[in-house]
Amino acid sequence: MEDLVNSTIDPACLQEPPLAVDVIAQLDVFGICLYSMLTFMSCVSLLLYLEQCVFIYKKLPYPKKTTIIWISGAAPVISTMACLGMWIPRAVIITDMTSNSYFAVVVYKTLVFMIEELGGSGVFLNRFTGKTFRLNTGPCCCYCACLPRVPMSRRLLFLLRLGALQYAILKTVFSVFSIILWTNGSFDLSDLEITGAAIWINPFVGVLIITSLWPVGIIFMNTNSFLRGVSIIPKYAIYQLILVLSQLQTSIINILALDGTIACAPPFSSQARGSMLSQQMMIMEMFIISLISRYLYRRTYDTLPSEAHDTELNGKAALQAAHVEHDV
């Protein structure tokens, strides 16, 4: 009976992902047009990003320009890696690990960006030391309304930065370690046995990313009202969208492929076809995000006013209102 079941399965569905030459050889007219269009999108995203890097490097001061270059490069880098993974299916694990490691740095840089927009660590501490920050933000404690508000201090700021930085460092370390195990045949996403490396590494990395997103959410929820002038809400929304598409969407597609929901299509196995669909969707999504990100970040703007300046303006406005009321 088992031999009968195995005989009905195409041998290509049980093989490794095809070589790049085999992918090119099996393309029909529609496939050639699709791959060409997606490659063009990826190249346009990368070229626009490089031009934006030159503009930011010339127009913005250090260290703000390096932070913005890192953050705005998330979509083009992920798109480029997805394009390479689309053409070279056997390199998908390397391209995915590279994209995830880059985005791990972007998570930390997003926190740094918000602090720098408020004048840097020194100005940030002078402005918010002693003021209470709410901690019940996502993804960890958004429903924990009982959490007390904590006064901002140098120690708390250090812990928040450390919480975001640990993911940037450890994700890269685990990515390199996973690739080494993969070359040895010890790391396989489809191996869900307790003895497999993936079943231990991936959940631990998931805990790391949740832990790193919490400090970024804390800073954003407590300072976004001061950063409306630099469009922090749409920028943060773009950052969250990239997170969902690059992490959650890819994970869902991989699970569907492992479950067999995504059918095998020789020369692609179910898992390889799921990875191919994920790469193609990612290129289109990151192309659109790259254009939006270019609109948000390719600009120059003045330094945000200090707290004393805000207080002075509010005092003048109140005084002017009092004079108008007196005249009436």
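## Reading a helical model

Biologist: Which residues touch the most other members of the largest nonpolar core?

Modeller: A nonpolar core is a set of buried Ala, Val, Leu, Ile, Met, Phe, Trp, Tyr and Cys residues joined through side-chain atoms within 4.5 Å. Buried means under 20% relative accessible area, with a 1.4 Å probe and protein chains only. Here that core has 78 residues, and F103, F124, M152, F187, V216, I242 and M286 touch the most other members. Helix α6 (residues 92–117) gives the most, with 13 residues; helices are DSSP runs (H or I, at least four residues), numbered from the N terminus.

This is a predicted model: local features need pLDDT of at least 70, side-chain atom pairs count only at pLDDT 80 or more, and totals for chains, interfaces and linings use all residues. Residues are numbered from 1 along each chain as its sequence is written, and side-chain values use heavy atoms, leaving out hydrogens and water.

Biologist: What covers the buried residues of α3?

Modeller: In general, an α-helix has 3.6 residues a turn, so residues three or four places apart point the same way. In α3 (residues 29–59), the buried residues include Y35, L38, T39 and S42. Their cover includes α2, α4, α5, α6 and α11.

Biologist: Is S246 buried or exposed?

Modeller: S246 counts as buried because its relative accessibility is 9%. S246 lies in helix α10 (residues 232–259), and its side chain reaches the backbone oxygen of I242 at 2.7 Å. Contact means heavy atoms within 4.5 Å; not counting residues up to four places away in sequence, S246 touches I78, N100 and M282.

Key. Buried < 20%, exposed > 50% of the residue type's maximum accessible area, 1.4 Å probe, protein only. Helix = DSSP H or I, 4+ residues; strand = E, 2+ residues; numbered from the N terminus. Expected span 1.5 Å × (residues − 1). Polar contact = N/O pair within 3.5 Å; in protein donor to acceptor, adjacent residues only side chain to side chain.
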